[in-house]
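This briefing is meant to be read alongside the sequence and the 3D view, so please keep both open. The points are grouped by topic, and each can be checked by finding the named parts in the view.

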Amino acid sequence: MLKATTTMSLWLKLKRTDAAFFLKAGIHAGALIFFLLLPAGCRSSLTPPDQPEMETMNKITTIIAFVRGSEPRDPRLDLVLPVKNQLALLEEYDLPGTFLLMHNALEREDILGLFQDIPDSLELGIWLEMDKGLIEKTGLPWRGRPGFDWDWYAQVGFLIGYTPAEREKIIDVFMNDFKAETGEYPSSAGSWILDSHSLSYMKDKYGIRAAAICRDQWGTDGYSLWGGYYNGGYFPSRENIFMPAQNADFQIDVPVFRMLGSDPVSQYDAGQDPDTFEPSSHQPVYTLEPVWELGQSRSWVQWYFENNFNEHVLSHGFTQTGQENSFGWPQMSCGINLQFSLIARLRDEKKIDVLTLKESGELFLSEFALTPPAAQVFLEDWKERDKGSVWFNSRYYRINLYREGDRIRIRDLYIFNESFPESYGKEPCRTDWMEYRNIPLVDGGQWSGSGVLGAGYFLNSETGEEVLLTSDPTVESDDDFLTIRYTVESSPGVEGEILLVLESENIHIEASFPLYVRISAAPDKEIPFIQNSGFDIRGTWRNFDFFLFLSGGSWRNELQGYGFAFQENSREMTLDFNP
């Protein structure tokens, strides 16, 4: 059986030199954890009393609802009632909450009037989708479609559709109008996507303390955000809002939180063709949003809560509840009522704390000097379909280890490099759609197709055969790293083990047999160009050069893919993302 030997323990201690992590007082004492416990359906009951209560940790939930002042897709929709009723429920349950207002919501007295004399527990911030009135007040022409005073197309509806200088003017108008109506500048800002220039500008000039952007998704609503810090908060690079910074002097000191709470097992390859494995060009939604099916499933919500906030979360977790008013009250009422009542009950039982987005950002800032590691460990699927998923994020990389039956694979491995340029950092978006993507080393979502399921597979390098599980994986966690153990059939009739240690800067792999990790991709997919010289691995992705270090292993390039294997007579190797 492989175990953390004295040598291995010493290696871990020597590698854990990140000053940011020494700021924490204890394993979870300073951790910032966001979570959402969603209801099952309108008549669903709470967890049966005969089930044991889950372990209490420092969990924080933030309720965020963003408010539009118009809805061109359905001009008859009542946009006031969802806001009014969410405010009433927050008051009924004495819950804090954050409302992020579009500029056109500031122009509606029937919406703005709802926020007269609100308590200190409620926060108002800005939601940075563009509308006709804001753009024209800035002195710019409105490029939206005829009849659309708010247009969700990327080149029109977001700051990225404008030059950096224009973005500053738009922000100035919005901020000044917000202050004129509320008496102060906002501390929180959100949008489906922001950009590093705008976030830096809002921080430096207006003191923004927290921001929120969309989860990872491909093509949904025309927006692709793929390869980011998968779940939680991070400090973005000054060159790229979608990229965690590695160094304090290169980061924007405003935590960015990923919204909506994706299903860690099923959302990643949602919509994938079951026969050809071709990825969906417009992924369906498997998230905590209360208007969608999973967000109203008691069994899914219970499964999500029990796993997302188990003992393996490391530094923190993240999700949010609340709903934008564009769905209308009838579609969201059931979920919102149940969610708020459950959150209030958990708060009263001292199982969670509830904070505004501003308070959450300030707590994150007080606890972390740099982006901390975070994990989601879901060893079983909610429908008991014999699947499991482990996500690990640090400021250097993210990885997803996936189990389906007796097969295990690296479903995703993205590299974070603070110098990698943002998609629309200097030049505006000029398409109806947008794409943010980081540096892939494995991308099972977008590299699949033509009958090839893209992934990193674990093989016995002597036999060339994929190794299969013989028992369930086990996971151990420390303050800032995970240890995952797989018991496998390493060759016919022979049991072996694979041990992976996921740490902020490194992935360390041990095995009891000669191991080869083969990374596959369909023949028509865009993959990085990789070359290696000894332990040095040099790659290029979209004209950007990156560098890794592989100790104890050797790199192999294949016809469509690549991989890395133990060196001869070695049974361990380390992939270093901070060489």
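This is a predicted model: local features need pLDDT of at least 70, side-chain atom pairs count only at pLDDT 80 or more; totals for chains, interfaces and linings use all residues.

The protein chain as a whole has 11 helices and 31 strands, and of its 579 residues 63% count as buried.

**Helix α2 and what covers it**

- The buried residues of α2 are Val80, Pro82, Val83, Asn85, Gln86, Leu87, Leu89 and Leu90.
- The cover over these buried residues includes the strands β1 (60-67), β2 (97-101) and β3 (122-127), together with the helices α4 (109-112) and α10.
- Just after α2, Asp94 takes a positive phi of about 55°.

**Helix α10**

- Helix α10, which is among the elements covering the buried residues of α2, runs over residues 329-348, and its 20 residues should span 28 Å at 1.5 Å a residue; the distance between its end C-alpha atoms is 27 Å, which agrees.
- At Gly335, α10 bends by about 30°.
- Just after α10, Lys350 takes a positive phi of about 60°.

**Aromatic pairs and a cluster**

- A search of the whole structure finds 32 aromatic pairs.
- In the pair formed by Trp218 and Trp226, the ring centres are 5.9 Å apart and the planes stand at 85°, so this pair is edge-to-face.
- Both partners are buried, since Trp218 has a relative accessible area of 13% and Trp226 has one of 2%.
- The rings of Phe242 and Tyr436 also make an edge-to-face pair, because their planes are at 70° and their centres lie 6.1 Å apart.
- Phe242 belongs to strand β9 (residues 240-244) and Tyr436 to strand β17 (residues 434-437), so this pair ties together parts that are 194 residues apart in sequence.
- Phe242 is buried, with a relative accessible area of 1%, and Tyr436 likewise counts as buried at 1% relative accessibility.
- Trp218 and Trp226 also belong to one aromatic cluster, together with Tyr230, Tyr268 and Trp391.

**Charges over rings**

- The charged end of Arg145 sits over the ring of Trp152, at 4.6 Å from the ring centre.
- Arg556 lies over the face of Tyr516, where the distance to the ring centre is 4.3 Å.

**Gly563 and its surroundings**

- Gly563 lies in strand β30, which covers residues 561-566, and at 0% relative accessibility Gly563 counts as buried, because buried means under 20%.
- Although Gly563 and Arg518 are 45 residues apart along the chain, their C-alpha atoms are separated by 4.3 Å.
- Leaving aside neighbours within four places in sequence, Gly563 is in contact with Tyr516, Val517, Arg518 and Ile519, and also with Ser554, Trp555 and Arg556.

**The chain as a whole**

- Of the contacts in the protein chain with a separation of 6 or more, 69% are between residues 24 or more positions apart.
- The protein chain exposes about 21700 Å², and carbon and sulfur atoms supply 48% of this area.

Key:
Residues are numbered from 1 along each chain as its sequence is written. Side-chain values use heavy atoms; hydrogens and water are left out. Helices (H or I, at least four residues) and strands (E, at least two) are DSSP runs, numbered from the N terminus. Buried means under 20% relative accessible area, exposed over 50%, partly exposed in between (1.4 Å probe, protein chains only). Contact means heavy atoms within 4.5 Å. Accessible areas come from the Shrake-Rupley method with a 1.4 Å probe; for residues, only the protein chains shown count as cover. Rings of Phe, Tyr and Trp (its six-membered ring) pair if their centres lie within 6.5 Å; planes under 30 degrees apart count as stacked, over 60 as edge-to-face and the rest as tilted. A charge sits over a ring if NZ of Lys or CZ of Arg is within 6 Å of the ring centre and within 35 degrees of the ring normal. The expected span of a helix is 1.5 Å times one less than its number of residues. The bend at a residue is the angle between axes fitted to the seven residues ending there and the seven starting there.
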